[in-house]
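The following note is meant for a colleague who is meeting this structure for the first time.

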Amino acid sequence: MTSTASDKRSDKSKSSTGKAVDTYLIRRLYFFLAPYKWHLIFALAMTLSVAFLGPLRPYLTQIAVDDYIANRDVVGLGRIMLLFLGILLLETILLIGNTYLMRWIGQGALFRLRNAVFEKIQNLHVQFFDKNPIGRLITRSTSDIEALNELLSTGVVNIIGDLFRIVFIIGFMLSMSWELSLVSLSVLPILVYATFWFKARVRVAFLNVRDQIARLHSFVQEHIGGMSIVQLYGREKREKEKFESINKDHADAHIRTIFYFALFWPAVEVIASLAMALVIWYGSAQALAGQVTFGVLLAFIQYVRQFFVPIRDLSEKFNTLQSALASSERIFGVLDTENEIPEPLEPIEPARMEGHTRFDNVSFRYNKDEHEVLRESNFEVKPGEVVAIVGATGAGKTTIINLLLRFYDVSTGKISIDGVDIRDMKQSTLRSYFGLVLQDNLLFAGTIMDNITLGNSNISRERVVEAAKLVQADRFITRLPGRYMHRITERGASLSMGQRQLICFVRALVYDPTILILDEATSNVDSETEYLVSRALDTMMKGRTTIVIAHRLSTIQHADKILVMHKGRIRETGTHRELVTRTDGIYRRLYELQYRDQLKPAPR
């Protein structure tokens with residue numbers, strides 16, 4: 001087989017695959033329109049009525065010319081004109097009603113789709129966000145969905161309406177003169193070829209446009225978030241050049257689509273003009289020979305003009321359709337992403353909630369082709385115990401927390417709480433055990449009360465105030481305008497790092513967790529606040545299983561047990577006093593490097 005023949009076969013295969021994909025995507029989009037099925041049927045009925053009434057007007061023109069004007073029948077002409085005006089009025093009313101109804105349906109479908117995408121994103125596994133830039137996900141949730149607006153609001157029904165309008169026009173034309181109809185439609189092969197040529201190229205162009213939009217959003221989101229670093233290191237010019245390059249690719253992608261439309265629309269105009277010229281040339285000769293009436297010729301001139309209007313509309317709607325299908329392909333890519341942290345088919349709930357935690361021979365790697373970040377880890381945290389985990393950066397401390405909360409699943413081994421494998425628990429049940437305070441906690445735009453309760457109506461204001469007093473957060477909250485109803489900006493930027501951290505302590509406390517996890521929780525507070533919080537932590541940890549990841553001695557020296565990690569393994573276990581006495585131990589070296597100065601008596 002020649003390479004040319006092979007290429008043709010490949011092109012046919014891609015074409016058929018593209019059609020199958022388009023049909024599949026449209027079927028899936030219909031799911032979001034399904035609740036409006038009867039509204040759609042009513043809108044379609046109005047659209048088909050308009051599609052019929054439009055071609056009816058040239059037919060009435062032919063009757064008016066041949067039956068009334070030619071016979072000087074003024075009364076009959078008046079009746080036909082009243083009928084003509086009545087049809088125009090009815091067509092206008094139907095168009096207004098149909099436009100409003102379809103827009104209403106489209107917005108309802110978009111509402112359901114946005115909710116579905118956001119709900120899906122919220123429930124995806126954490127590793128998905130490691131691999132997908134936030135900017136791309138924002139694009140999927142906003143501009144990609146907005147690109148479906150025209151398709152869901154007017155696109156599909158109006159495409160059907162335009163197709164039926166063409167059918168009605170051809171039907172009226174054939175009923176008047178089949179010869180003139182053939183002459184008028186003789187240009188269709190050229191039009192069909194131009195349409196298929198256009199479709200094959202514009203689909204690829206629109207896919208590229210959506211890719212470039214997502215790339216642009218991702219870059220902007222990342223650099224706005226890191227603007228302080230850009231300005232600190234004087235990277236404005238370099239980042240501007242990068243943005244210009246990405247922006248140019250984005251503009252070039254749009255220009256390619258414009259180029260294809262710049263060729264297609266004039267081509268349709270030329271073909272329409274050619275059809276009109278053929279009708280006038282052949283129809284005039286027929287009229288002069290008495291083969292057709294002047295009314296028929298006049299009607300055909302109007303029909304040719306009407307025939308290419310839906311053709312042009314279809315090309316514009318095809319633009320909308322291709323953009324929408326390109327966007328929907330990406331949206332459904334998110335919706336079809338499988339959660340790699342599955343829920344158990346028959347979930348088990350522990351008979352008691354004591355927080356007894358075990359790691360049995362647990363190993364883990366983030367990706368299959370990477371080395372293990374946690375290797376054959378075995379340890380136990382008994383109810384009410386305080387266990388600290390220390391080690392150098394990359395030793396695997398945070399990985400233990402991620403596995404315990406089941407943000408990731410273990411590669412081998414088992415983690416159990418109160419005797420139940422965490423993979424056999426519902427994720428919501430599992431995570432209800434925990435209170436978590438991280439080094440860099442997230443606050444949302446809203447009131448302090450909302451950030452503490454996270455909208456849980458079961459948590460009373462009295463309980464929030466009591467918890468705030470316990471961790472010394474009440475001291476600064478009561479000085480704010482509005483106190484607990486004080487509104488903070490996105491990520492809590494209007495508060496200091498220490499204040500944000502204290503609010504997160506209150507949040508963890510009001511949920512009354514069985515297991516408390518503190519991951520470098522006091523690293524962002526000043527020494528005075530750390531002292532106050534450390535006292536509060538003693539109360540918080542009382543009666544709770546507590547796991548502490550920290551470098552500061554003040555948060556771990558009184559722990560019941562300290563796990564010392566090195567290169568993914570637990571190398572040492574013991575109390576602070578036991579470990580610090582091991583002269584050749586890892587903990588002793590860490591102690592000498594990081595903690596000794598904290599224990600030296602202050603100079604007099």
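1. A nonpolar core is a set of buried Ala, Val, Leu, Ile, Met, Phe, Trp, Tyr and Cys residues joined through side-chain atoms within 4.5 Å; buried means under 20% relative accessible area, exposed over 50%, and partly exposed in between (1.4 Å probe, protein chains only). The largest such core has 80 residues, of which Leu113, Leu148 and Phe308 touch the most other members. At least two residues of this core come from each of α1 (3–33), α2 (37–69), α3 (74–123), α7 (149–176), α8 (178–185), α9 (188–225), α11 (236–288) and α12 (294–335). The most is given by α12, with 20 residues.

2. The model is predicted, local features need pLDDT of at least 70, side-chain atom pairs count only at pLDDT 80 or more, and totals for chains, interfaces and linings use all residues. Residues are numbered from 1 along each chain as its sequence is written, and side-chain values use heavy atoms, with hydrogens and water left out.

3. Leaving aside residues up to four places away in sequence, Leu148 touches Leu29, Leu110, Leu113, Ala324, Ser328 and Ile331 (contact means heavy atoms within 4.5 Å). Another core, of 46 residues, lies apart from the largest one and includes Ala473, Phe476, Leu480 and Val548.

4. In total the protein has 21 helices and 12 strands, which are DSSP runs numbered from the N terminus (helices H or I, at least four residues; strands E, at least two). Of its 604 residues, 46% are buried.

5. Four strands form an open sheet in the order β2-β1-β4-β5, with antiparallel pairing; two strands pair if DSSP finds at least two bridges between them. Because β2 (374–381) and β5 (420–421) stand at the edges with a single partner strand each, one side of each is left without a neighbour in the sheet. Strand β1 (residues 357–364) is joined to β2 by five bridges, and Phe359 stands opposite Phe379 in β2.

6. Helix α13 (residues 397–404) packs on this sheet and touches β1, β2 and β4 (412–417), its direction making about 115° with that of β1. Axes here are lines fitted to C-alpha atoms, for helices over the stretch in contact, and angles run from 0 to 180 degrees between N-to-C directions.

7. Most residues other than glycine have a negative phi. Arg406, in the loop between α13 and β4, has a positive phi of about 60° and is buried at 2% relative accessibility. Arg483 has a positive phi near 55° and lies in the loop between α17 (474–477) and β8 (487–488); with a relative accessible area of 47%, Arg483 is partly exposed.
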